[in-house]
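Colleague: I have the model open and a few questions about it. Can we go through them one by one?

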Amino acid sequence: MINEYVQMSKMDQAVAYAFRPEVTQANLPMLMSNDPPLEDYRVMALVLSVKNPRDKTKTIKYSGKDTAVSYHRLCLCRDLDSGEEFYFLTTNPTQTASIFPLFRQSQLHGAFIALLEPIYKQNKILEIPLLTLKEAISPATINLAKILLNDIIPDPGSNLITTFLFATIQLSLVQCKFLSGCPAPFCDGYHGAEILCPAPQAQSSGSLQMALSCLVSVPNTPLKLVSHISASLAKYFIAHNSLTKRNLDIPLLKVSIRQTVQYYAERNVRWLIGGWYKRNVERGTTKLHISTIRPETVLPEAPLFSTEVPEPANIEAGPVERRQRARRFEDENVPGPAPPHVEPPARAPPAPRRQRAADDAPAQEQGQEAAGKRPRGE
Ligand SMILES: [Zn+2]
């Protein structure tokens with residue numbers, strides 16, 4: 001029925017269909033039991049990875065079966081209720097289009113989703129259950145009290161793939177940079193040239209989507225300087241008006257990000273971190289991937305980095321003040337050698353005449369006038 005709504009372009013109804021009152025929440029152990037639910041149930045999940053295979057002829061084998069299939073997209077998810085991981089896949093472009101239509105304009109990688117009436121048909125990939133879908137997946141809003149979080153990142157033991165989702169106040173993001181990402185919103189804005197875009201349709205043009213690149217650490221966990229690149233993460237640290245700017249002031253950006261993390265910590269707002277790791281049996285190594293980092297509650301007043309240069313009349317509450325605060329933070333908190341000198345943003349000295357005009361003029365006009373007079377190129 002979700003698919004019928006999608007065909008009628010009734011996207012809101014399509015999403016709402018999985019959340020009708022009569023639809024109950026199920027989990028992976030229920031689907032795998034001898035008495036699985038039959039109708040009107042959904043599974044809530046976190047999308048950990050979406051893979052578009054480089055080798056289109058490559059096949060994966062289901063355990064216990066001789067059949068090997070080639071796939072078009074392969075999705076690794078974590079059931080939010082039980083914490084168990086599962087896969088689902090599509091085998092051709094038509095099926096891909098029918099499973100992901102509600103994510104054409106929004107990010108799937110790292111998203112919370114609802115799967116309506118998925119079925120477990122005794123198939124596994126890499127020892128992980130494979131679910132079969134009949135309906136398009138829906139975006140979902142999550143009640144954090146109802147999802148299973150790990151206290152610690154679980155030890156993979158003998159598992160080939162282990163997933164994790166936990167909450168922490170102690171987050172450290174270092175070596176932060178801003179990269180121009182992929183224009184497809186679906187894939188969270190970044191994947192290197194070696195990895196094919198997982199979006200249902202290739203999207204080579206479109207608005208620039210910038211992604212935050214950083215090394216993530218959380219004390220007393222295996223997360224130590226783990227590389228993470230994400231467009232959705234950037235939105236918690238960088239003002240909306242600066243999210244498409246290429247040249248961000250890296251030293252000030254780094255200080256601003258530290259301030260934002262501190263702001264959340266002082267208010268006891270935790271960061272949800274979800275990801276997975278895969279064990280390479282031959283090499284005896286495990287590789288850890290982060291799929292999502294997000295605050296459990298977004299604080300609208302949290303400091304955000306901005307490249308906008310405010311005009312004199314707006315200085316008091318504007319980003320320059322934040323940049324100055326960022327500078328003070330750096331001066332006070334970075335021990336050792338002095339941080340590299342950064343020129344303050346260029347702006348015209350406040351002229352008394354304009355100041356008076358500013359008192360009377362509407363804010364927008366004032367900004368335009370001043371912007372025209374601003375010296376450039378410094
Ligand atoms: Zn992409």
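**Reading the predicted model**

Modeller: Start with the contacts. Between residues at least 6 apart in sequence, 66% of the contacts in the chain join residues at least 24 apart. Keep in mind that this model is predicted.

Colleague: How many helices and strands are in the chain?

Modeller: The chain has 378 residues, and 34% of them are buried. Its elements are nine helices and 16 strands.

Colleague: Which element has the lowest mean pLDDT?

Modeller: The chain averages a pLDDT of 80, and 78% of the residues score at least 70. Helix 3 (residues 28-32) has the highest mean among the elements, 97. At the other end, with a mean of 36, is helix 9 (residues 363-373).

Colleague: Take the open sheet with the order 12-13-14. Which are its edge strands?

Modeller: This sheet has three strands with antiparallel pairing. Its neighbouring strands are turned by 20° against each other on average, direction ignored. An edge strand here pairs on one side only. That gives strand 12 (172-180) and strand 14 (226-230).

Colleague: Which residue in strand 14 stands opposite C214?

Modeller: Strand 13 (residues 210-217) and strand 14 run antiparallel, joined by five bridges. The residue opposite C214 is H228.

Colleague: L225 lies in the loop between strand 13 and strand 14. Is L225 buried or exposed?

Modeller: Its phi is positive, near 50°, and L225 is not glycine. L225 has 11, so the label is exposed.

Colleague: E117 is in the loop between strand 7 (112-116) and strand 8. Is E117 buried or exposed?

Modeller: Phi of E117 is also positive, near 50°. Burial takes 20 or more C-beta neighbours within 10 Å. E117 has 20, so it counts as buried.

Colleague: What separates the C-alpha atoms of E127 and N159?

Modeller: E127 sits in the loop between strand 8 (119-125) and strand 9 (128-132). E127 is exposed because 11 other C-beta atoms lie within 10 Å. Along the chain, E127 and N159 are 32 residues apart. Their C-alpha atoms are separated by 8.1 Å.

Colleague: How far does helix 6 reach from its first C-alpha to its last?

Modeller: Helix 6 (residues 250-266) has 17 residues. At 1.5 Å a residue, 24 Å is expected. The model comes close to that, at 24 Å.

Colleague: Which residue with positive phi follows helix 6?

Modeller: Helix 6 itself has a run of buried residues, among them L252, L253, K254 and V255. Y264 is buried as well. After the helix comes a residue with phi near 55°: N268.

Methods: Residues numbered from 1 in each chain as written. Predicted model: local features only at pLDDT ≥ 70, side-chain atom pairs only at ≥ 80, totals over all residues. pLDDT = per-residue confidence, 0-100. Helix = DSSP H or I, 4+ residues; strand = E, 2+ residues; numbered from the N terminus. Pairing = 2+ DSSP bridges. Axes fitted to C-alpha atoms, helices over the stretch in contact; angles between N-to-C directions. Expected span 1.5 Å × (residues − 1). Buried ≥ 20, exposed ≤ 12 C-beta atoms within 10 Å, placed from the backbone. Contact = placed C-beta atoms within 7 Å.
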